[in-house]
Amino acid sequence: MNIIIAGCGKVGEALTQELSSEGHDVKVIDRNPEVVDLVCDRYDVMGYIGNAANYLILEEADVENADLVIAVTGQDELNLLVCLLARKAGDCQTIARVHNPEYNKAVNYIKDELGLALVINQEFASAQEIARVLRFPSAIEIDTFAKGRVELLHFRIPQGSVLDGLNLYDMHSRLHCNVLVCTQERDGEMVIPKGDTVLRAGDVISIVAPIEEQEEFFRKIGLQTNAVRDTIIIGGGDEALYLARMLLNSGVEVRIIEKDLHRCEELAELLPKAAIIHGDGSDRDLLEEEGIKTAESVVCLTGFDEENVVLSLYAKTCGVRKIITKVNKVAFEEVFDNLDLDTMIAPKNITTERILQYVRAMQNSFGSNIETLHRMMDDQAESLEFKIRDNFTKTDIPLSQLPLKEGVLVGSINRNGRIILPRGSDVIRKGDTVVIITTLKGLNDISDVFE
C-alpha cells in the first residue's frame with residue numbers, strides 16, 4: 001500500500017520501520033530536516049520537509065494516490081487537519097493520534113464527522129493497559145481478545161512453583177485446569193512450546209484460560225490474583241489522569257505525586273476522590289511519608305525513563321507488590337529487562353500496535369479480518385485475532401489435520417460467545433473469531449498460517 005506518515009517522532013519512526021519492513025511504500029513528512037534525513041536513511045523511504053497540513057506538501061507526497069495517511073505529529077489539531085485535507089484531496093483512509101483529554105470525550109463524534117478510519121489517544125490506551133494489569137497483579141502483561149472474553153496473560157514462574165520442572169503433558173493432569181500455554185521465554189529466547197516442553201522457575205510464559213478459571217489456576221501455582229486496593233502514581237500527566245479515573249471507578253485508593261503546583265490544582269479539581277500530593281516523586285522522604293512501604297502498587301509515569309526506572313527499583317526494595325514502569329526509549333529494552341522491572345509500559349508500542357492492526361486488516365482478502373493484534377516478548381511473537389468469513393475454505397477440519405506452519409499455534413476459538421481452548425479434534429467454523437499465536441511476522445490473513 002501507499003502510506004504517508006505525518007510526523008517523524010517516536011511513533012512516526014516506529015511506524016515507518018514496521019510498515020516499510022512489511023513491504024509498504026512509505027513516505028514521511030516532518031518540519032525538521034534532520035529528522036527526515038535520519039528516518040529516510042535508516043529505513044530507505046521517501047521524505048518531505050514541511051508542514052503536513054500544507055496542501056502543496058501533501059500533493060508533492062502524492063496524496064492523490066495514497067491508500068492511507070497517518071498523522072502522528074505532536075499537535076492534535078494539526079493531525080486532524082492533515083487527515084481532513086487528505087480525505088478531501090486523495091479520498092484515502094486516515095488515522096489521527098489525539099492527546100487532549102477534552103477531545104477524548106468526543107472521540108467518536110470527531111471520528112465520524114471527519115471521516116477518520118481510526119482515532120488513537122496514546123495516553124488513554126496506555127492507562128487502559130495499566131489498569132488491566134493492576135486488576136490482575138501477578139501478570140506482567142495482559143492482552144485481550146474477543147471484546148474482553150479472552151485474555152492472554154504473561155507471567156514469570158516463581159521459585160518453588162508447582163510448574164517448575166513440569167512438562168505440559170503432565171500439567172493438565174496435575175492441576176486439572178483448562179489452560180493453554182502459548183509461549184515460553186527463557187534467557188531472552190521465545191518459543192511456542194509443545195507437549196514435552198518442560199517449564200522452569202524464571203521462565204516467562206503466556207497462557208490462555210477462560211476468565212472464570214484464571215483465579216483457580218493462579219491459586220494452584222502459588223500466585224496472588226486479587227486486584228490491588230491502593231496505588232501511588234508518580235507523575236501527574238494525562239496518563240495519570242486517565243488511569244486515576246479508571247482505578248477510582250473500580251474502588252481503588254489513588255495517590256498522585258506531582259511536582260508542578262498548577263497541575264496539582266488541576267488534578268485536584270478533576271479528581272476530587274484522589275489524594276493529590278505536591279512534591280518531587282524522586283524525594284525518598286516524601287515517598288516514605290506517603291506510605292510507599294505499605295502501598296500495594298506503584299506506577300511510575302514521569303516524563304523521564306531514567307527516573308521511572310530508579311523509582312521502580314526503589315519501590316521494589318520497599319516490597320511493593322506490583323510495580324509498573326513507563327518507558328519511551330524502547331531501544332534500551334534489553335537493559336531494562338535485565339533489571340527485572342516487573343511490568344513495563346511503552347506508549348509508543350501500544351499506538352504502533354493499534355495502527356498496524358488496522359493496516360493489516362485493510363490488506364486481507366482471503367476469508368478473514370484482523371480484529372486484534374498484539375506484539376509479545378520484545379516483538380519476538382505476535383498474537384492476532386481473525387474473524388472467519390464465508391469464503392474461508394478450511395472449515396470443519398480437525399486442527400490436528402490442518403497444515404499449520406511451524407511457529408503457529410491456535411490459541412482460542414470464540415464461537416457465538418463460547419470460548420473454546422482448542423485441542424486437536426476441534427474445528428474452525430464460519431463466524432468464529434480465532435486467536436493465533438505465532439513467531440512469524442507480518443501475517444495479514446488467516447490463510448497466512450497454513451503451509
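Keep in mind that the model is predicted. It holds one cavity of 30 Å³ or more, and a search of the whole structure finds 21 salt bridges.

**The cavity**

- About 30 Å³ of space lies in the largest cavity.
- Its lining is made up of Val98, Tyr103, Asn104, Val107, Ile110, Val119 and Asn121.

- The volume of the second largest pocket is about 990 Å³.
- This pocket is lined by 37 residues, and those closest to its centre are Lys147, Arg354, Gln357, Glu371 and Thr372.
- Three helices supply at least two residues each to this pocket's lining: helix 6, helix 7 and helix 15 (347-363).

- Arg132 pairs with Glu129 in a salt bridge, where the closest N and O atoms are 3.8 Å apart.
- Both residues belong to helix 7 (residues 122-135), and because they are three residues apart there, about one helical turn separates them.

- Asp25, Glu59, Asp62 and Glu64 together form a negative surface patch.
- To find Glu64, look in the loop between helix 3 (55-60) and strand 4 (68-71).

Key
Residues numbered from 1 in each chain as written. Predicted model: local features only at pLDDT ≥ 70, side-chain atom pairs only at ≥ 80, totals over all residues. Heavy atoms only, no water. Patch = residues over 30% accessible without salt bridge, like charges linked within 9 Å, V, L, I, M, F, W, Y side chains within 5 Å. Areas by Shrake-Rupley, 256 points an atom, 1.4 Å probe, with all protein chains shown as cover. Salt bridge = Lys/Arg side-chain N within 4 Å of Asp/Glu carboxyl O. Lys, Arg positive; Asp, Glu negative; His and termini not counted. Charge placed at Lys NZ, Arg CZ, Asp CG, Glu CD. Helix = DSSP H or I, 4+ residues; strand = E, 2+ residues; numbered from the N terminus. 1 Å grid on protein atoms, 1.4 Å probe; cavity = no way out; pocket = protein on both sides within 12 Å on 5 of 7 lines; lining within 4 Å. Points joined across faces, edges and corners; volume = space filled by probe spheres on them.
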